[in-house]
Amino acid sequence: MNKNFLNEVECDQEVIVMEDYLLIEDINLLEEYPFSLYLPASTSKAKELPETYTLKKKELTDFWKVALKEQFIKEVNFHRDLLFRSSKTIIQKWADYKKIDEDLLLTSLKKYAELESSSHQVSVVEELYALKLGSPLNDPLIFGVKPDSLAKIPKTYNLQDAHSLYTELAKLDVFDIKSLMRFSKHFGMPSGIEDDRGFDVVLYGDNIFFPFSSISVLNKKIAIYKHDFEWFKMIQTKNVPKIRTLLPKIYTSNNDESVLDQAKHHVVDLLSRLDAYNPNTYFEYSNGTYNQGFWFDDLFSFAYFQLARALVNDVEVRECDNCGYIFEVTHQRQRFCPPVPNRKRSSCEMAYNNRLKKEKKLKGEV
Ligand SMILES: [Zn+2]
C-alpha cells in the first residue's frame, strides 16, 4: 500500500442502524409514530396526564413535518446538481418513476436550475421557497424507519470498519426502493435529517443517525454518487473504450494512457465538490494525548472519502460472481462482495452457494 495520510486517518464514528424502513406516502402518518416523549416517569402514561402527553406528542410530530418539508428547499442547488452532475440514464429513470416524458422533466429541471442560479435576484426568500416547493422534482414521499422499529434496540457499527460501504452504496439506484431498504438495513440510512427527537437514541457529536428523509433529496444524492462512482470504476478497470465515449472529443487521443489520464483529471474534478470528498476535521485532547482525525456528515461523505483513498491506493476491483457489482479486492482468492457490518459471512457468497445447491438439486445431482 502506498504511504499516504488517508491510510492513517482515524474516523471512529458510530453509525446507528434501525432494523426496518418504509415509504411514507402521507406525512400525517407521522402522528401514528410511538415517539419517545421523555416525560417524567409519573406523567409517562397517556391516561395520567393526557394534556401534557398530547401537547408533547404534537410538538414532536410538527417538528418532523416541518423539517421534512424544508429538507427539499434547503438543498440550495437541487436542480442544478441533478442536471449537471448526474447522467442521462439517471434522468431517464427519474422520468420513468414520475411517469412523465424525459424531455418534459428536463425542461422543468432547466427552468428550476435557472431559478436557483438567479436566486440572489429573488428579493423575497419566501417567494423562492414557494416556487421550489412546486417543483415536479419535489416528491412528497418520505423514506423513514418503521414505527415498530422504534421499540427495538438499534444496532451500531464503527464507520472505519465498514470497508465495503463505498462499493455497497454504489449498488443503490434512483427510485429503486428495494435496494435502498437493503442497504439501510445493514448500514443505516445513507443520509437524511440528522436528529434524535422522539427516538430512544442519543446523538452525540460524532455519531450518525438519520430517521427520515425526503425521497427526492436521497435520490439526488444517490444519482450523483452513482455517476461519480462510475468514473472510479472505469478508471480502476481501465475501461478506455467507455471513457472515450464519455470524454469530450477534444480530449480523446489514440493513446490509451493519456485517455486514462484525462479520466483521472475528471474524477478529481468530480470529487472536489463541496458535498463530495470534503471531510470535516477534529482536534481534541483526551486521555493525556492530542487526537486528530476526520468526521463525516453522512454515509455519502464517508463513501467519497473511501473512494478518494481507493484511487490513491490504486486498489484492485473485481466483479462479484453473485451480483455482478464491483468490490475492492482485499485477498487474491476473493470472488464475492465482503460481508456487511455485524455479519461474518458474505451475503453474496451465501446467495451464490444456495443457488448452486438448488440448481444441482434440480438436475438431480444431489
Ligand atoms: Zn456481490
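Tyr-285 is exposed, with a relative accessible area of 54%. This is a predicted model, in which local features need pLDDT of at least 70 and side-chain atom pairs count only at pLDDT 80 or more, while totals for chains, interfaces and linings use all residues. Residues are numbered from 1 along each chain as its sequence is written, and side-chain values use heavy atoms, with hydrogens and water left out.

Tyr-285 belongs to strand E6, residues 280–286 (strands are DSSP runs of at least two residues, helices of at least four, numbered from the N terminus). Together with Phe-283 and Tyr-290, Tyr-285 makes a nonpolar surface patch of about 450 Å².

The zinc ion has four protein donors, Cys-320, Cys-323, Cys-337 and Cys-348, each through SG, at 2.3 to 2.4 Å (donors are N, O and S atoms within 2.8 Å of the metal, or 3.2 Å for Na, K and Ca). Along the chain these donors follow the spacing C-x2-C-x13-C-x10-C. The angles among the four donor atoms are 103 to 116°, and the site is tetrahedral (all angles between 85 and 135 degrees).

His-331 lies in the loop between strand E9 (326–328) and helix H12 (347–363).

| Residue | Relative accessibility | Class |
|---|---|---|
| Cys-320 | 5% | buried |
| Cys-323 | 29% | partly exposed |
| His-331 | 48% | partly exposed |

Definitions and conventions:
Tetrahedral: all angles 85-135°; square planar, octahedral: opposite > 155°, others 65-115°. Buried < 20%, exposed > 50% of the residue type's maximum accessible area, 1.4 Å probe, protein only. Patch = residues over 30% accessible without salt bridge, like charges linked within 9 Å, V, L, I, M, F, W, Y side chains within 5 Å. Areas by Shrake-Rupley, 256 points an atom, 1.4 Å probe, with all protein chains shown as cover. Salt bridge = Lys/Arg side-chain N within 4 Å of Asp/Glu carboxyl O.
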